[in-house]
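Work each one from the structure before reading the solution.

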Amino acid sequence: MKRAIIALAALLFLSLPAGAQSLDFGALTGDADGTTIGYIIQLFGVLTVLSIAPGILIMVTSFTRFVIVFAILRAGMGLPSTPANLILISLSLFMTFYVMAPTFDQAWNDGIRPLMNNEISEAAAAERISEPFRGFMAENVREQDYNLFVDLAVERSTLETSAEVADFRVLAPAFLISEIRRGFEIGFLIVLPFLVIDLIVATITMSMGMMMLPPTVVSLPFKILFFVLIDGWNLLVGSLVRSFA
C-alpha cells in the first residue's frame, strides 16, 4: 500500500525537477534572479499538481470502473445511501491498489528507488515511472476511443499512433472514456436481474389490486435477499478484477 501511494505520487511530479525538494527559501528574500524565479515556478507547480491529484488518480488507474459499477449496483437495488459513499469510495480505492499493484511495484523498482539512490537522472526516472502506467492504459484502452483522440490530435500536430508510445494527452482521455463505457456496460448487466424482480413484484401487486403500495417497497427485501444468496459482492468484485488486462 505504501509503495502504491508513493508510486502514484511520483507520477504526479513527472514534469517537476527533483531540485524542487531542496528549495532555497533564503534566496526568495534577495534579488529575484532566474534561479529564484525557477524555484517559485516549481513551488507553484507542486501545489498545482497536488490540487489535481484526485483527478490524476482517476485518469490513469482502474478507479473509474470500480466506482461506476458500485454506484450503479446501489441504484439498481433501490438503496440510495446504502452502502454509504465513504464505503464505496474506500472499496474502490482498495480494489484500485490491488489491481494496480504490479504497476506501482514496477514504477517503484525501476524509477523511484534508483532516483532516491541517485543512480539515475530525473529525466530517466520520469520516463521509467511513466512507462508502467502507459502500459496499463494501453492494454485496457478501447481501440475506437484511442483512434478518436489520435484523429483529433493529428488534425493539430503529428503524434505517435501506437498506444504503447502515445502521448499521455492522447492516451489518458481515451483510457478514461473507455473505463466509463465499460463501467456502464457492466452496470447494465448488473441492473437487469433487479429490474426483473421489480417487474414481477409490480405485476403481482397490480393483479392483487394494491394500487397505493409502491412496488419498490415490496421488491427491496427480495432484491437484497437475491444479492446475498448469490454471494453478489464476491462475484462482482472478482469479475471486475478479472476484467482488467
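**Exercise 1.** Determine in which hand α8 passes α9, and describe their packing.

Solution. The crossing of α8 and α9 is right-handed; a crossing is left-handed if the near helix is turned anticlockwise from the far one by less than a right angle, and right-handed if clockwise. The model is predicted: local features need pLDDT of at least 70 and side-chain atom pairs pLDDT 80 or more, while totals for chains, interfaces and linings use all residues. Residues are numbered from 1 along each chain as its sequence is written, and side-chain values use heavy atoms, without hydrogens and water.

Next, take the geometry. Two packed helices are described by the angle between their axes and the distance between the axes. For α8 (residues 143-154) and α9 (residues 168-207), the axes come within 8 Å and cross at roughly 145°. Axes are lines fitted to C-alpha atoms, for helices over the stretch in contact, and angles run from 0 to 180 degrees between N-to-C directions.

Then list the residues in contact (heavy atoms within 4.5 Å). From α8 come D145, Y146, F149, V150 and A153; from α9 come V170, L171, P173, A174, I177 and S178. By class, this contact has nine nonpolar, one polar and one charged residues. Here Ala, Val, Leu, Ile, Met, Phe, Trp, Tyr, Cys and Pro count as nonpolar, Asp, Glu, Lys and Arg as charged, and the others, Gly among them, as polar.

**Exercise 2.** State which residues of helix α3 are buried, and where they lie around the axis.

Solution. Buried means under 20% relative accessible area, exposed over 50%, and partly exposed in between (1.4 Å probe, protein chains only). In α3 (residues 53-60), A53, I56, L57 and V60 are buried. They lie on the same side of α3, because their arc around the axis is only 105°. The arc is that of the directions from the helix axis to the C-beta atoms.

**Exercise 3.** Classify T64 and A124 as buried, partly exposed or exposed.

Solution. T64 sits in helix α4 (residues 63-77). Its relative accessible area is 5%, so T64 is buried. Leaving out residues up to four places away in sequence, T64 touches I58, L176, E179 and I180. A124 belongs to helix α7 (residues 122-140) and, at 28% relative accessibility, counts as partly exposed.

Terms used:
Helices (H or I, at least four residues) and strands (E, at least two) are DSSP runs, numbered from the N terminus.
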